[in-house]
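Thanks for asking for a second pair of eyes on this model. Please have the structure open while you read, as the points below go from the whole chain to single residues.

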Amino acid sequence: MVGQRANRENDSVPETKEIVLDYNTIFNAAPVGLEYYDKDGILIDINETALRIYGCTSKKHLLDSRICLYDNPNYKSQIKNEADRYRLCTCNFYYDFDLLKKENYYLNSERSGKVRIQNKIEPILNKQREIEGFIISTLDITDDLNLNHQYEQLYREKEVITEALPIGLAIYDKDGYQQFINPALASIFGIEDIKAHLAKHINLFEDPIIPEYLKERVRNHDIAEASIEYNLQVASEANYFDTGMAESTIYLNCKTRKIKDESGSTQAIMLLISDATNYEKKNQELQEAHQNLGLALDAGDMAAWMYDIDKKMFYAILGNALAGTGITLEQNLKILHPDDHQMQLDLLDSVARGEKEKGIAVFRYLAENGEYHYYESCIIAKKKNGKITHLTGTQKDVTEWYKLTEELKRINKQNTLILNNINSGLVYISSDYKVIWENVSFIFPAQADGKRYYEAGKLCYKSARDSDTPCQGCAMMRAMESKSIEHSEIAIPSGTLEIYANPILNEQNEVEGVILRIDDITHRKEIQNELEATKNEALASNEQLKLAKEKAEQSDKLKSAFLANMSHEIRTPLNAIVGFSELLHMTTDEKESAEYWNIISTNNNLLLTLIGDILDLSKIEAGYVDLVYGEFDVTQLFEELATLYKQKMNNDVSFSSNTPYQNYIVNLDKNRLTQILTNFVNNAIKFTKEGSIEIGYTIHDSLLRIYCSDTGLGISKENTVKVFDRFEKLNDFAQGTGLGLSICKAIVDAQEGKIGVNSEVNKGSTFWAELPLK
């Protein structure tokens with residue numbers, strides 16, 4: 001109810017709670033039937049008298065039915081159109097209960113036939129003359145005796161009802177002196193003692209806040225209505241009356257009516273007041289929000305529109321929408337590209353029928369210059385009484401973005417053509433190991449099952465090695481860690497591949513991805529092996545072969561250096577092209593889009609120039625630093641590896657880490673140490689089906705000794721001497737190339753350390769390495 005909603009906002013005031021309780025008591029006990037409907041005509045509350053009149057036994061069932069005043073067949077002749085809803089309506093007619101049941105309006109009434117009803121339908125209007133709800137008072141006047149009884153009862157209880165009204169009521173005598181105010185009015189004005197206030201006999205026409213023109217209207221008219229901004233502080237300072245309100249300004253909706261006798265002489269003036277302060281504040285907030293929304297749409301070069309489903313009309317809401325002041329669906333289709341007609345009609349229909357909560361699409365509209373512009377629209381449904389009646393949407397001109405996108409596609413196609421004609425395979429992998437693009441199909445042999453190496457859209461380790469975890473110690477991971485170019489060689493069934501991993505860094509020096517350059521060096525390896533054999537056979541006696549070998553080595557060195565330099569040189573433009581292409585895809589700002597496009601275009605030209613220049617280079621000096629020393633906590637390294645590998649163990653194998661110190665700082669190559677441990681653990685996992693695996697370290701005589709022990713298959717004594725040889729695989733059915741332990745040995749030898757294994761068949765193995773500490 002209106003009074004209940006107003007009072008909910010003031011539940012913290014005890015007097016207000018009492019008013020609500022009194023009001024509910026009087027409302028339910030009133031001898032006249034009272035019904036309250038909201039602005040949409042939905043029944044909100046009904047008193048006991050009205051329930052008896054309508055033959056309804058369950059108030060809850062009636063309210064839960066959410067019956068609508070406008071759907072009641074008995075009121076169709078009383079409220080004929082929209083305009084009638086804004087007028088006070090007093091009527092006396094027959095109320096047909098059988099008609100209610102026939103038209104399924106409300107089936108649970110115990111009454112039947114027709115009864116004579118006298119009722120009064122009064123709209124409740126806000127400051128803007130908009131309907132907030134309806135109050136209907138109803139009398140069953142079928143029986144005159146019952147009618148007289150109801151009038152007598154109403155007379156006896158009129159004072160109680162008056163005081164319990166949810167709106168402010170004041171009575172003035174014919175000269176304007178105040179005689180009565182009800183509790184609701186006292187609450188509105190912050191009057192704590194009603195009797196003391198009435199004793200002052202304040203005069204309506206001396207109120208310092210009410211303007212003179214409004215006072216004249218009250219004097220000269222039987223009924224006067226107005227909305228005013230009432231300053232309580234000014235009224236108090238003028239000694240008109242005292243207030244206990246904390247707020248100085250309130251907003252009021254006022255209505256005066258003169259009470260006359262049978263001769264038409266004014267006997268009193270009745271004033272009804274409703275507090276619209278909260279409504280006014282909400283309205284101001286709504287206007288401010290509406291203004292902010294308009295500013296936001298203008299800032300984003302966007303507009304909002306509305307589509308009336310029944311009228312099939314488009315209207316602009318905010319911004320410079322194509323709908324303007326209103327166009328029909330047919331007019332809209334005339335400026336819409338013919339190929340987009342069906343798409344738009346289907347989208348509007350699916351959202352209007354509730355099949356989609358939101359529709360997003362790009363449409364082409366004819367501009368004044370005769371060209372079609374691209375507009376992105378987002379469409380949502382708007383409901384009234386549970387029924388979708390309107391669609392609202394936004395539109396943004398994305399023509400320039402589409403042009404830039406098409407140009408970007410052309411550039412990417414050109415770049416792809418260039419990259420596909422480079423004799424090296426290239427792969428771009430993001431920092432989360434996802435393959436973005438590649439051209440390595442000519443490098444790797446075709447797979448029988450159709451599998452592709454480094455397939456775009458997949459994780460690199462899943463695509464390349466069918467692994468569920470990243471490849472520890474691979475060139476890519478080392479490049480991401482060191483933020484510099486890393487190199488590795490891998491063996492495949494058809495030969496040997498050489499990989500250079502080039503990290504892509506952003507402005508914050510963070511790795512955004514890695515470019516892998518992959519070359520098939522099988523033929524070069526064969527030549528190296530042949531030259532090595534020739535060197536061993538004729539080094540001491542054949543100077544000519546020595547010169548040929550040196551020439552071949554120099555040629556190999558130049559080729560390696562050339563490929564390394566090419567990877568380094570293309571890094572900068574590729575970084576810019578990839579990075580700003582992604583930014584260009586995400587931005588909607590035209591200025592930023594133009595700037596990104598200029599950067600992409602500039603670097604694209606630079607890339608073309610670099611490729612031409614690099615192919616013309618004849619000699620460069622090549623070098624590679626294999627070890628990068630730095631301080632780190634070896635205990636923390638073991639804990640990190642333990643956390644990683646515990647997740648990879650099966651249920652029958654336990655994994656543990658044994659570290660003698662809580663913290664121990666060493667100065668070594670962390671990546672190489674990790675690579676050694678990773679190879680040890682991976683071998684242990686391969687050959688340990690049950691039992692345990694343990695890693696750990698000890699410090700003795702300035703030596704760091706690391707180890708990995710397992711309870712696996714073990715190695716025979718004759719095989720332990722060749723386990724660290726290149727390409728040596730003691731188990732042909734185990735995964736791997738056989739290079740892992742030989743690489744570990746090379747790393748340890750480079751640091752002047754030792755490496756070995758202690759093993760016993762069917763009891764397990766312990767791989768260890770000793771590295772001198774600096």
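Here are my notes as numbered points.

1. **The chain as a whole.** Please keep in mind that this is a predicted model. The chain contains 24 helices and 28 strands. Of its 774 residues, 41% are buried. The accessible surface amounts to about 43300 Å², and carbon and sulfur atoms supply 49% of that area. Looking at contacts with a separation of 6 or more, 55% are between residues 24 or more positions apart.

2. **Helix α22.** This helix covers residues 670-687, which makes 18 residues. From first C-alpha to last, α22 reaches 26 Å, close to the 26 Å expected at 1.5 Å a residue. At its start, a side-chain oxygen of D669 comes to within 3.1 Å of the backbone nitrogen of N671.

3. **Burial along α22.** Which residues of α22 are buried? They are R672, L673, T674, Q675, I676, L677, T678, N679, F680, V681, N683 and A684. When you look down the helix, remember that an α-helix has 3.6 residues a turn, so residues three or four places apart point the same way.

4. **N126, a buried loop residue.** N126 belongs to the loop that links β4 (114-125) to β5 (131-140). Is N126 buried or exposed? N126 counts as buried because its relative accessibility is 7%, and the cut-off for burial is under 20%. The side chain of N126 reaches two backbone nitrogens: that of Q128 at 2.9 Å and that of E130 at 2.7 Å. Leaving aside neighbours within four places in sequence, N126 also contacts E132, N253 and Y279.

5. **Q178 in strand β7.** Q178 is found in strand β7, and with 4% relative accessibility it counts as buried. Which side chains does Q178 meet through polar contacts? One is Y172, at 3.1 Å, and another is H197, at 2.8 Å. Not counting residues up to four places away in sequence, Q178 touches A170, I171, Y172, H197, L198, H201 and I202.

6. D175 sits between β6 (168-173) and β7 (178-181). With a relative accessibility of 46%, D175 is classed as partly exposed, whereas Q178 is buried. Setting aside residues up to four places away in sequence, D175 touches N203 and F205. Its C-alpha is 9.5 Å from that of T266, a residue 91 positions away along the chain.

7. **Aromatic residues.** How many aromatic pairs does a search of the whole structure find? The search finds 20. One of them joins Y307 and F314, a tilted pair with 4.5 Å centre to centre and 40° between the planes. Both Y307 and F314 are buried. Elsewhere, Y54, Y75, F93, Y95 and F97 form one aromatic cluster. There is also a charge over a ring: the charged end of R116 sits over Y94, 4.6 Å from the ring centre.

8. **Positive phi at K483.** Most residues other than glycine have a negative phi. K483 is not a glycine, yet its phi is positive, about 60°. K483 is in the loop between α16 (475-482) and β19 (486-492). Its relative accessible area is 34%, so K483 is partly exposed.

9. **Positive phi at N762.** N762 is another residue other than glycine with a positive phi, near 65°. Where does N762 lie? N762 is in the loop between β27 (754-760) and β28 (764-772). N762 counts as exposed because its relative accessible area is 62%, whereas K483 is partly exposed.

10. **Asparagines side by side.** N126, in the loop between β4 and β5, is buried at 7% relative accessibility. N762, in the loop between β27 and β28, is exposed at 62%.

Key
Residues are numbered from 1 along each chain as its sequence is written. This is a predicted model: local features need pLDDT of at least 70, side-chain atom pairs count only at pLDDT 80 or more; totals for chains, interfaces and linings use all residues. Side-chain values use heavy atoms; hydrogens and water are left out. Helices (H or I, at least four residues) and strands (E, at least two) are DSSP runs, numbered from the N terminus. The expected span of a helix is 1.5 Å times one less than its number of residues. Buried means under 20% relative accessible area, exposed over 50%, partly exposed in between (1.4 Å probe, protein chains only). A polar contact is a pair of N or O atoms within 3.5 Å; within protein, one must be able to donate a hydrogen and the other to accept it, and residues adjacent in sequence count only if both atoms are side-chain atoms. Contact means heavy atoms within 4.5 Å. Rings of Phe, Tyr and Trp (its six-membered ring) pair if their centres lie within 6.5 Å; planes under 30 degrees apart count as stacked, over 60 as edge-to-face and the rest as tilted. A charge sits over a ring if NZ of Lys or CZ of Arg is within 6 Å of the ring centre and within 35 degrees of the ring normal. Accessible areas come from the Shrake-Rupley method with a 1.4 Å probe; for residues, only the protein chains shown count as cover.
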